[in-house]
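This report describes helix packing and aromatic contacts in one protein model. The sequence and structure are shown first.

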Amino acid sequence: MNEQHAWWKEAVIYQIYPRSFADSNGDGIGDLPGITAHLPYIKELGANVIWLSPVYKSPNDDNGYDISDYRDIMDDFGTMEDFDAMLKRAHELGLKIVMDLVVNHTSDEHAWFIESRSSLENEKRGWYIWKDGKDGHEPNNWASCFSGSAWQKDERTGQYYLHLFSKKQPDLNWENPEVRDAVFDMMDFWCQKGIDGFRMDVISMISKVQTFPDGDTHGGLYGDPGPYVCNGPRVHEYLREMRTRVLSRYDLLTVGEAAGVTVDEAKKYANSEGTELNMVFHFEHVDGTPGRENKYGKWTTEHPTMPAVRTIFNKWQTELEGRAWNSLYWDNHDQPRAVSRFGNDSDEWRVLSAKMLATCLHMMKGTPYIYQGEELGMTNTPWSDIGEFRDIEVINAWKQNVVDHDIIPADYMLACLNAVSRDNARTPMHWDASENAGFTTGTPWIKVNPNYKTINAAAELADPDSVFYYYKRLIELRHMYPVIVYGVFEPLLPENEDIYAYRRVLDGQTLTVACNWTDREVPCDLFDGEGEELISNYKAHRAGVLMPYEARAVLISEKKG
Ligand code: GLC
Ligand code: CA
């Protein structure tokens, strides 16, 4: 069966984390005019959609994911005029803008919450999730994703409010139809401005099991709310309502960040009938370090194994075929750098393994996402002291696991933060070899990765063999060959420990892709000289083998007639 065509299936998306992208006024913080100035860079890369992490008014407890006014711009980033100018310039360049929609929670400084907390009788009391304590304790044992309890007692009324993230991010009560009205209205405001889509923050968590039962503690301090808040009882109903009332009236790209999503759930969220979202981000390859046992959950120094990563991707590729659409990503602002986690960031192998990973992902079926700096092969940052981190997740986890409860030894926790902390991806973008990587003329809000002198956009734009031009070529190929967008995915060599290989098939064309995930030469008989090589990170090949981190994609077209 032939897949229905859509622009968002053919798109390649570039994610900007505005705080760390480009600073235009020397205050050390990236901003909207900084983005506008660098739009031609994204155009040059060839991505045609930009996902902008939140730019709304925010006290920045969680870098903009705590919104205090959905209809205004964060002071650090500029003004609504700056936003409008950016949107206009992007559209002139043929770039679409997808906004981050953070509506599981607001900031505690949002007017809605200020009213809601003011009294039991306030008309917005029911806009958030308020509960009485149980025997002088929290209403249940749920953990916040940022450590500690998910409940905060509010002295004014003596009740607790739910915050699945920081205590400055109270969860909205989606059960309340007035909340849904207000959210849909706000979405309409941005659609009317002409934006091109929404990336929906933790959208899988908006519907909670209304009995609020305790979660399994797995031997830890708090209970896991996951089973009661991820893919909750009414989430699909809410998204269908959102589709009817807002999304269906515009031509948008919609992608849901879906913590805890399974392939079966994804078939609903991203169903081909289009009743909910276009696609979701699942977490299976970035949660829990595939192929490894982890004593401390997220906090680990281990790298995932290729066969475990492959099992996950192959499942999503084959299971969603014809039923729902995939999104494809290695990293984003919540993950360590792709080349450091999945590849090899040593001087010897960084470039080759970054290109290999890019090939492996971009030749799959689904819409690919590139996180700022990934196209340069940017690496994790070396951190030597807890004081260097800015991320609330890190700061709270350190306090809980190291300072307060002695759960994880300090030196091991620091090693884990070097491996997997979110701040690895949040250090400033490397524009050139000048001071602070050309990101700011002032003092950057977070440290700059010291390797910017060798890894930066200016150097890569001057080098035809750079990671940048390799990504550019991958994007070009996707836009040229329908088999890359619409071809059916078929796994190859499923037992091979070293090579990730697969085939894409469409209308008599077969694209064969093979990626060596090791630093060794390994035997491979997939390529016998036939076909047209679309891309490879090696200029010359050796028959019967793949070189260390070699990736190759070869197209064979059936002769017609
Ligand atoms: C999402 C965001 C993350 C944020 C969290 C709470 O996971 O990607 O950055 O901290 O939601 O909004
Ligand atoms: Ca600035």
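Contact here means heavy atoms within 4.5 Å. Helices (H or I, at least four residues) and strands (E, at least two) are DSSP runs, numbered from the N terminus. This is a predicted model, in which local features need pLDDT of at least 70 and side-chain atom pairs count only at pLDDT 80 or more, while totals for chains, interfaces and linings use all residues. Residues are numbered from 1 along each chain as its sequence is written, and side-chain values use heavy atoms, with hydrogens and water left out.

**Helix packing**

In α4, M80, F83, D84 and L87 meet F189, W190 and K193 of α6. By class, this contact comprises 5 nonpolar, no polar and 2 charged residues; Ala, Val, Leu, Ile, Met, Phe, Trp, Tyr, Cys and Pro count as nonpolar, Asp, Glu, Lys and Arg as charged, and the others, Gly among them, as polar.

Two packed helices are described by the angle between their axes and the distance between the axes. Axes are lines fitted to C-alpha atoms, for helices over the stretch in contact, and angles run from 0 to 180 degrees between N-to-C directions. The table gives the values for two helix pairs.

| Helix pair | Axes come within | Crossing angle |
|---|---|---|
| α4 (residues 80-92) and α6 (residues 177-193) | 11 Å | roughly 55° |
| α13 (residues 392-404) and α14 (residues 410-420) | 11 Å | roughly 155° |

Angles under 35 degrees count as roughly parallel, over 145 as roughly antiparallel, 65 to 115 as roughly perpendicular and the rest as oblique. Helix α4 is therefore oblique to α6, whereas α13 and α14 are roughly antiparallel to each other.

**Aromatic contacts**

Rings of Phe, Tyr and Trp (its six-membered ring) pair if their centres lie within 6.5 Å; planes under 30 degrees apart count as stacked, over 60 as edge-to-face and the rest as tilted. The count comes to 36 aromatic pairs. Among them is the edge-to-face pair of Y56 and Y70, at 6.3 Å centre to centre and 65° between the planes. Because Y56 lies in strand β3 (residues 56-57) and Y70 in strand β4 (residues 69-73), the pair ties together parts that are 14 residues apart in sequence. Both Y56 and Y70 are buried, that is, under 20% relative accessible area, with exposed over 50% and partly exposed in between (1.4 Å probe, protein chains only). One aromatic cluster is formed by Y56, Y70, F83, W112, W127, F189 and W190.

Definitions and conventions
Chains are lettered from A and ligands numbered from 1 in the order in which they are written.
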